[in-house]
Amino acid sequence: MTSEQQPRTGLSREIELLWGLKETARRGPKPKLSRAAIVDAAIALADAEGLEAVSMQRVAKELGYTTMSLYRHVDSKEDLLALMSDTAMARPPLEPRADRDWRSGIEQWCHEGLDQYRKHPWVAYVPQSGPPSGPGSLRWMEAGLRELNASGLAPAESLQILLMLSYTLRDVLRMEHDMEIATRRSGIGQLENEERWVQGLREVLDPEEFPEILRTFDEGVFEEEPPGYSGDPGPAGGLDFAIQRTLDGVEAYVRARRESGRG
């Protein structure tokens, strides 16, 4: 057994997969089918029909190969999904800003991340087994940490804020995508659907038990643009307000720590 074939220790299976450490050189002519071709075909299928359309059998059919041919390059559908997700996020994120404005940098990071999710909305539905491990996802993590560390947060603090922002972007995209699907299926627009929701709840909510929700309805919250509305459709429209208030908190925290002599 060569050194290249020796089992690698200290690396998770997912890291080996996403960094190409499990691929072994084969003798003879280069095969026409490759892992990259399989992943690209699966991404195209998911973009067109959704994640539920992706199966080893369906991807093989799209490529004109047998299902067993795929298993020579990808061990399982779970591995394929991990490769798809990391490849879909492989577009390099923002470069360091010349003005070193970390707030603008992290806001841009959020918007570019949301744009990337919109190009491949199925990525938000791929099960997560742990922290990012692939080169595509880790480049986004690196860019986000670079901006947050520039704020004066400690690395561990920056990581917590970045995780919160990442989960928020992922969940907002899922909600937005689910609402778009529901709108297409029902033929009822989002605004009309919200109006029906408010009217329906007004009929069943007890003012003594749900006073704050009813107060929200009375103030016309669902009839107006949310604070800091960015013009994006659906739940993403108010995302800027939430991001900016989070970054206000980061600034206030760092400033208070410096004034107390702790930072």
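How exposed is D99, in relative accessible area? D99 is partly exposed, at 47%; buried here means under 20% relative accessible area, exposed means over 50%, and partly exposed is in between (1.4 Å probe, protein chains only).

Some ground rules before going on. This is a predicted model, so local features need pLDDT of at least 70 and side-chain atom pairs count only at pLDDT 80 or more, while totals for chains, interfaces and linings use all residues. Residues are numbered from 1 along each chain as its sequence is written, and side-chain values use heavy atoms, with hydrogens and water left out.

**Overall picture**

The protein has 11 helices and 0 strands, so helix is what you will be looking at; helices (H or I, at least four residues) and strands (E, at least two) are DSSP runs, numbered from the N terminus. Of its 263 residues, 35% count as buried. Take the contacts (heavy atoms within 4.5 Å) with a separation of 6 or more: residues 24 or more positions apart account for 68% of them. The protein exposes about 16,100 Å², and carbon and sulfur atoms supply 52% of that area. Accessible areas come from the Shrake-Rupley method with a 1.4 Å probe; for residues, only the protein chains shown count as cover.

In soluble globular proteins, nonpolar side chains tend to be buried together. Here the largest nonpolar core holds 53 residues, and V54, V59, L80, M84, I106, W109 and W122 touch the most other members. A core in this sense is a set of buried Ala, Val, Leu, Ile, Met, Phe, Trp, Tyr and Cys residues joined through side-chain atoms within 4.5 Å. Helices that each supply at least two residues of this core include α1 (13-18), α3 (56-63), α5 (77-88), α8 (155-186) and α11 (239-259). The largest share, 7 residues, comes from α2.

So what does α2 look like? Its 15 residues should span 21 Å at 1.5 Å a residue, and its end C-alpha atoms are 21 Å apart, which agrees; the expected span is 1.5 Å times one less than the number of residues. The buried residues of α2 are R35, I38, V39, A41, A42, I43, L45 and A46. They pack against α1, α3, α4 (67-71) and α5. An α-helix has 3.6 residues a turn, so residues three or four places apart point the same way. After α2 comes G50, with a positive phi near 95°.

Leaving aside neighbours within four places in sequence, L80 is in contact with I38, V39, A42, V54, M56, V59 and V74.

**Salt bridges**

Side chains of opposite charge can pair when their charged atoms come close. The structure holds 16 salt bridges, each a side-chain nitrogen of Lys or Arg within 4 Å of a carboxyl oxygen of Asp or Glu. Here are some of them:

| Pair | Closest N to O distance |
|---|---|
| R13 and D75 | 3.5 Å |
| D99 and R97 | 2.8 Å |

R13 lies in helix α1 and D75 in the loop between α4 and α5, so the pair ties together parts that are 62 residues apart in sequence. R13 is partly exposed at 43% relative accessible area, and D75 is partly exposed at 46%. In the second pair, R58 is partly exposed at 25% and E49 is partly exposed at 40%. R97, the partner of D99, is partly exposed at 27%. Salt bridges that share partners also join R103, R245, D248 and E251 into one network.

R100 has a positive phi of about 55° although it is not a glycine. R100 sits in the loop between α5 and α6 and is exposed, with a relative accessible area of 71%.

W197, V221 and F222 make a nonpolar surface patch of about 270 Å². Patches are made of residues with over 30% relative accessible area and no salt bridge; like charges are joined within 9 Å, and nonpolar side chains (Val, Leu, Ile, Met, Phe, Trp, Tyr) within 5 Å. W197 belongs to helix α9 (residues 190-204) and is partly exposed at 43%.

Finally, A242 is in helix α11 and counts as partly exposed at 37% relative accessibility. A242 and T168 are 74 residues apart in sequence and 9.7 Å apart in space, C-alpha to C-alpha.
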